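Please read this note with the model open beside it, and locate each residue as it is mentioned.

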Amino acid sequence: MPLKIWLNGKLVPKEKATVSVYDHGLLYGDGVFEGIRVYNGRVFKLQTHLRRLEESAKSIRLEIPYTAQELTVAIDKTLKANKRTNGYIRLCVTRGVGSLGLNPFNCERASVFIIADSISLYPAEMYDKGMAIITASTIRNHPGALSPRIKSMNYLNNILAKIEAIDAGVPEAVMLNHMGFVAECTGDNIFIVRNQGTPGSTGGQPTLISPPLHAGTLEGITMSTVLDLAAKQYLPIQRYDLTRHDLYTADEMFLTGTAAEVIPVTSVDGRQIGNGKPGPITRRLISAFKELVAKDAPED
Ligand code: PMP
């Protein structure tokens with residue numbers, strides 16, 4: 001069955017789902033999007049994704065020509081038309097067709113499309129054995145230039161870092177921010193675990209640590225989900241600026257993302273993390289995440 005794409009209110013075959021070469025989404029990367037999962041026929045954290053889409057759009061002064069309720073119905077229709085109960089949804093809003101100048105206000109109407117397909121970012125064995133990553137020399141966008149909190153269609157910053165990862169023979173790269181602290185990876189948020197708690201403490205307990213919001217990262221929905229799961233397990237959580245040294249000396253590390261879900265990291269820039277195997281807290285959080293998404297109606 002050919003894939004059906006929801007495009008501006010109509011379901012059209014994939015081959016016919018096209019946008020104009022004058023669309024500013026294509027000409028300038030001017031648009032916003034969401035990547036969303038569907039598990040067992042339930043769209044995971046849909047309202048949270050729609051809220052983030054609205055916030056991204058508001059920030060770039062893009063008017064989405066559909067309400068959250070209309071987009072919810074459109075996503076449901078797209079899933080049904082493709083008989084998809086598990087997989088990945090890509091919801092995109094481009095600035096629309098305009099003239100060749102930058103001015104976004106010459107574009108008449110934003111274009112919206114929804115793809116329901118499958119996605120597999122990393123090889124299955126990496127979820128068991130862990131992944132090696134590097135630090136990219138490309139820094140994450142300065143929040144004063146283009147806030148990483150906007151999930152925009154302009155991913156060149158991340159793509160440049162991704163190329164560095166691929167050149168180094170690994171699937172993902174850590175990106176530092178303009179201050180030299182850890183921000184996030186090219187398509188995932190990052191967490192570490194320190195068995196002795198925060199640096200300088202003695203006899204502390206295993207603590208989950210992730211970069212703070214001001215590090216300049218996307219506010220990952222998988223990240224928030226994992227933080228909630230960790231809190232439910234009474235795992236101490238800290239968010240503070242991390243250096244590469246913090247990564248190299250971490251006892252455990254993992255990445256989170258809608259497509260990646262939760263994936264262990266066992267090496268950074270050639271430094272082994274912990275004993276080189278996914279750690280117990282990482283494995284516990286992976287199990288809790290799997291349990292959550294498999295449950296009925298994990299509503300926001
Ligand atoms: N950071 C970046 C740069 C991303 O593109 C993504 C999503 N792929 C994430 C983090 C993870 O966010 P989420 O859990 O909401 O998918």
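1. The lining of the largest pocket comprises 16 nonpolar, 12 polar and 8 charged residues, where Ala, Val, Leu, Ile, Met, Phe, Trp, Tyr, Cys and Pro count as nonpolar, Asp, Glu, Lys and Arg as charged, and the others, Gly among them, as polar. A pocket is found on a 1 Å grid over the protein atoms alone, as an open set of points with protein on both sides within 12 Å along at least five of seven lines, while a cavity is a set of points where a 1.4 Å probe fits but cannot get out; lining residues have an atom within 4 Å of a point.

2. This is a predicted model, in which local features need pLDDT of at least 70 and side-chain atom pairs count only at pLDDT 80 or more, although totals for chains, interfaces and linings use all residues. Residues are numbered from 1 along each chain as its sequence is written, and side-chain values use heavy atoms, with hydrogens and water left out.

3. The largest pocket holds about 700 Å³ of space, a volume being the space filled by probe spheres set on grid points that are joined across faces, edges and corners. Of its 36 lining residues, those closest to its centre are Phe33, Lys151, Tyr155, Thr186 and Gly187. The element that gives the most to this lining is α5, with 4 residues; helices (H or I, at least four residues) and strands (E, at least two) are DSSP runs, numbered from the N terminus.

4. The space taken by the ligand is this largest pocket, on the rule that more than half of a molecule's atoms must lie within 2 Å of the grid points. Around the ligand are 17 residues, the closest being Tyr155, Glu184, Ile221, Thr222 and Thr258, and a residue is counted if one of its heavy atoms lies within 4 Å. This shell divides into 3 nonpolar, 9 polar and 5 charged residues, and α6 (221-232) and β13 (252-257) each supply at least two of its residues.

5. Which polar atoms approach the ligand, taking pairs of N or O atoms within 3.5 Å? In the side chain of Glu184, an N or O atom is 2.6 Å from a nitrogen atom of the ligand, whereas a polar backbone atom of Ile221 is 2.7 Å from a ligand oxygen atom. A polar side-chain atom of Arg52 lies 2.8 Å from an oxygen atom of the ligand.

6. How many cavities of 30 Å³ or more does the structure hold? There are 2, and the largest contains about 70 Å³ of space, with a lining that includes Arg140, Lys151, Tyr155 and Leu218. The second largest cavity has about 50 Å³, and Ile221, Thr222 and Thr258 are among the residues that line it; β3 and α6 are the elements that give two or more residues to that lining.

Conventions. A polar contact is a pair of N or O atoms within 3.5 Å; within protein, one must be able to donate a hydrogen and the other to accept it, and residues adjacent in sequence count only if both atoms are side-chain atoms.
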